Amino acid sequence: QVQLVESVGGLVQAGGSLRLSCTASGIFFDSKHMGWYRQAPGKQREWVATITTTRVTTYGNSVKGRFTISRDNAKNTVYLQMNSLKPGDTAVYYCATIGPVIEWGQGTQVTVSS
């Protein structure tokens, strides 16, 4: 049974930083591309970032230069370091496996106050 468990998000002021983590079980983590998505109230789920098995990273335009995705295969964990946060980054953040079948975490709320 696949499980992706995100860390607790939180409330942060604009300009602040926050790091999310997502720990996987039930999968061979080393062989999975991993990603982060987010969904703001009333909006569609938006892709944020991806890290491949060879640690190649790509980012959505709205977060490029501010967010960093990384992974620790020894801990079956993927991270999202978020810097220079803006109120527009407020959303529920989800980690996911990337591939023909997408497995999702339960989501974690990030709120950025102005």
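Biologist: Two strands pair if DSSP finds at least two bridges between them; which residue in strand 9 does Gly35 stand opposite?

Modeller: Gly35 stands opposite Ala96, and strand 4 (residues 33–39) pairs with strand 9 in the antiparallel sense over seven bridges. Strands here are DSSP runs of E with at least two residues, numbered from the N terminus. This is a predicted model, where local features need pLDDT of at least 70, side-chain atom pairs count only at pLDDT 80 or more, and totals for chains, interfaces and linings use all residues. Residues are numbered from 1 along each chain as its sequence is written, and side-chain values use heavy atoms, with hydrogens and water left out.

Biologist: And how many bridges join strand 9 to strand 10?

Modeller: Three bridges join strand 9 to strand 10 (residues 108–113), and the two run antiparallel, with Val92 standing opposite Gln109 in strand 10.

Biologist: How many residues of strand 9 are buried?

Modeller: Six of its eight residues are buried, which leaves strand 9 mostly covered; buried is under 20% relative accessible area, with a 1.4 Å probe and protein chains only.

Biologist: Switching topic, which residues does a disulfide join?

Modeller: Cys22 and Cys95 are joined, at 1.9 Å from S to S, where the rule asks for a pair of cysteine sulfur atoms within 2.5 Å. The link spans distant parts of the chain, as Cys22 lies in strand 3 (residues 18–25) and Cys95 in strand 9 (residues 91–98), 73 residues apart. Both Cys22 and Cys95 are buried.

Biologist: Where's Thr52, then?

Modeller: Thr52 sits in the loop between strand 5 (46–51) and strand 6 (57–59).

Biologist: Why does Thr52 count as buried?

Modeller: Because its relative accessibility is 19%.

Definitions and conventions. Helix = DSSP H or I, 4+ residues; strand = E, 2+ residues; numbered from the N terminus. Buried < 20%, exposed > 50% of the residue type's maximum accessible area, 1.4 Å probe, protein only. Pairing = 2+ DSSP bridges.
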